[in-house]
Amino acid sequence: MSTGISAVYSEFTDALTEILAENAVGPAGRGRLARAHAAVKKHADYSDSGYLLAVETAFKNWEVIQNAGG
């Protein structure tokens, strides 16, 4: 069964957010980000706009984490 593109983008966003926040929360798994990135790029419904939205969302999530930290 194929995973929907929104779920693939969401996994990528979560993995990227984890990497961005690793200084605050300890070491993160870069392998997770690499797998998520590959899944996004290979998905049949991939689009540049969807990918950029996922990246932008990760940075917004990271900003929230930074602001909550102090």
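Predicted model: local features only at pLDDT ≥ 70, side-chain atom pairs only at ≥ 80, totals over all residues.
The face of helix 4 that is turned away from its buried side carries the exposed residues D48, S49, L52, L53, V64 and N67.

Helix 4 comprises residues 48-68, 21 residues in total. From its first C-alpha to its last it reaches 30 Å, close to the 30 Å expected at 1.5 Å a residue. The buried residues of helix 4 are of particular interest here: G50, Y51, A54, V55 and A58 are buried. Seen down the axis of helix 4, its buried residues fall within an arc of 140 degrees, and therefore they line one face of the helix. An α-helix has 3.6 residues a turn, so residues three or four places apart point the same way. What do the buried residues of helix 4 pack against? Their partners are helix 1, which spans residues 5-20, and helix 3.

A search of the whole structure finds three aromatic pairs. One of them is formed by F12 and Y51, a tilted pair with 5.3 Å from centre to centre and 35 degrees between the planes. This pair links distant parts of the chain, for F12 lies in helix 1 and Y51 in helix 4, 39 residues apart. Are F12 and Y51 buried or exposed? F12 counts as buried because its relative accessibility is 3%. Y51 is also buried, because its relative accessible area is 18%, and the cut-off for buried is under 20%.

Together with F12 and Y46, Y51 forms one aromatic cluster.

Finally, attention may turn to helix 3, which spans residues 30-42 and includes R35. R35 counts as exposed because its relative accessibility is 58%. The C-alpha atoms of R35 and A15 are separated by 9.3 Å, and these two residues are 20 residues apart along the chain.

Terms used
Residues numbered from 1 in each chain as written. Heavy atoms only, no water. Helix = DSSP H or I, 4+ residues; strand = E, 2+ residues; numbered from the N terminus. Buried < 20%, exposed > 50% of the residue type's maximum accessible area, 1.4 Å probe, protein only. Expected span 1.5 Å × (residues − 1). Arc of directions from axis to C-beta. Contact = heavy atoms within 4.5 Å. Phe/Tyr/Trp six-rings, centres within 6.5 Å; stacked < 30°, edge-to-face > 60°.
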